[in-house]
Amino acid sequence: MKKTTRLRACLVLVAVAAATLTGCSTTDGTSTITADGLTKVRLQLQWFKQGQFAGYLAAVDQGFYKEQGLSVEILDGGTDIVPQTVLAQGQADYAIAWVPKALASREAGAGITDVAQIFQRSGTKQVSFKSENIAGPAALRGKTVGNWGYGNEFELFAGMTKAGIDPSRDVKLVQQQFDMNAFLAKDIAAAQAMSYNEYAQLLETKNPATGKLYTAEDFATIDWNDEGVAMLQDAIWANTEKLNDAKYQEQTVKFIAASLKGWVFCRNNVDKCRDITVAAGSTLGASHQQWQINEVNKLIWPSPAGIGMVDKAAWDRTVRIAKETKNQEGVTVLKKDPDASAYTNEYVTKALDLLKSGGTDVTGASFAPSQVTLAEGGK
């Protein structure tokens with residue numbers, strides 16, 4: 001039975017038995033309305049609950065979604081979960097995904113639209129020990145270079161190409177696991193690391209030569225933002241087809257507004273968001289989550305145009321790299337430009353207006369990161 005038919009049937013039931021019906025059902029049989037009248041919404045993350053997603057966890061914990069009439073369930077991601085596919089298949093209402101990966105899925109047929117670009121800057125780095133003398137991409141020549149693959153490698157390949165290095169000939173590429181073990185064992189000279197995760201794992205590890213934790217002085221990092229090849233990462237994606245529905249449009253504005261308010265809260269309350277994230281079941285410890293939230297804040301704030309707005313220049317750069325840069329298999333992320341419905345600022349603009357009318361600072365012009373002390377193992 002089509003969804004519209006089921007909804008009509010629900011409306012009839014509401015008219016006949018409003019006193020006993022608590023909500024209509026979706027095609028999978030789950031209620032879309034809670035007993036207290038909130039609309040149920042499912043958000044699919046691209047990884048397990050951690051500080052990378054603290055704003056959404058805070059929006060639940062602080063009641064920001066509830067203020068907008070929403071009851072949000074946050075779904076864990078994992079190695080075998082593609083959030084944009086979950087969204088496109090109707091198993092979630094919104095998803096968090098990196099732009100290049102989501103655009104690749106979109107080119108393959110997934111009906112999804114970027115409705116709020118949360119991360120304004122890239123968190124990907126290439127890390128090496130100072131002793132390797134890798135001060136920039138050009139110095140990667142002849143080195144053993146790790147990369148995760150799975151669409152995470154294109155900033156690295158774009159950076160090497162820009163520096164005149166042929167990734168297929170001038171470096172030794174190594175498939176890197178999602179940890180820093182091979183790097184610490186010196187099997188990899190330069191390894192991929194997220195500023196908010198794997199890099200912190202290095203600083204949480206004891207240097208066997210000193211018996212103390214490694215410090216930033218032990219490492220050199222290449223920041224792809226500085227090299228001009230950064231690609232857009234975490235964004236809120238909505239279902240393109242459903243955006244034709246007025247109720248989903250209204251829900252999307254409310255969902256974005258509450259999510260952005262959650263990120264504003266984490267900008268101003270790092271310690272509290274650390275506790276919220278740990279309580280939500282994060283597998284890494286409190287100091288690691290505090291570091292992660294602080295580093296993620298640096299990727300968001302300041303947001304001169306307002307948090308969540310898609311910057312066209314950053315979008316165009318991401319698309320260009322996705323079309324022109326080949327990975328080690330000689331494959332690009334995209335074959336052509338995405339169409340006009342790949343992103344929109346319509347709903348985030350309305351969400352920002354809603355927040356500004358309530359006195360929320362949505363630009364964070366005076367943002368200053370905290371100083372975080374990591375404990376061994378991130379505890």
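Mentor: The account below begins with the helix pair and then turns to a strand and several loops. The model is predicted, so local features need pLDDT of at least 70 and side-chain atom pairs count only at pLDDT 80 or more, whereas totals for chains, interfaces and linings use all residues. Residues are numbered from 1 along each chain as its sequence is written, and side-chain values use heavy atoms, with hydrogens and water left out.

The pair consists of helix α10, residues 270–279, and helix α11, residues 286–300 (DSSP runs numbered from the N terminus: helices H or I, at least four residues; strands E, at least two). Their axes come within 9 Å and cross at roughly 125° (lines fitted to C-alpha atoms over the stretch in contact; angles from 0 to 180 degrees between N-to-C directions). That angle makes α10 oblique to α11 (under 35 degrees is roughly parallel, over 145 roughly antiparallel, 65 to 115 roughly perpendicular, the rest oblique). The crossing of α10 and α11 is right-handed (the near helix is turned clockwise from the far one by less than a right angle).

On the α10 side, the contact (heavy atoms within 4.5 Å) is made by Val 270, Asp 271, Cys 273, Arg 274, Thr 277 and Val 278. Their partners in α11 are Ala 286, Gln 289, Gln 290, Ile 293 and Asn 297. The residues of this contact divide into 5 nonpolar, 4 polar and 2 charged (Ala, Val, Leu, Ile, Met, Phe, Trp, Tyr, Cys and Pro are nonpolar; Asp, Glu, Lys and Arg charged; the others, Gly among them, polar).

Beyond α11, Pro 302 lies in the loop between α11 and α12 (312–324). The peptide bond that joins Trp 301 to Pro 302 is cis, with omega near -5°.

Elsewhere, strand β4 (residues 112–116) is mostly covered, with 5 of its 5 residues buried (under 20% relative accessible area; exposed is over 50%, partly exposed in between; 1.4 Å probe, protein chains only). β4 pairs with strand β10 (residues 234–239) in the antiparallel sense over 4 bridges (pairing requires at least two DSSP bridges).

Two loop residues complete the picture. Asn 133, in the loop between β5 (124–129) and β6 (144–147), has a positive phi of about 55° although it is not a glycine. Asn 133 is exposed, at a relative accessible area of 62%. Lys 186, also not a glycine, has a positive phi of about 70° and is found in the loop between α7 (181–184) and β8 (190–194). Lys 186 counts as exposed, at 51% relative accessibility.
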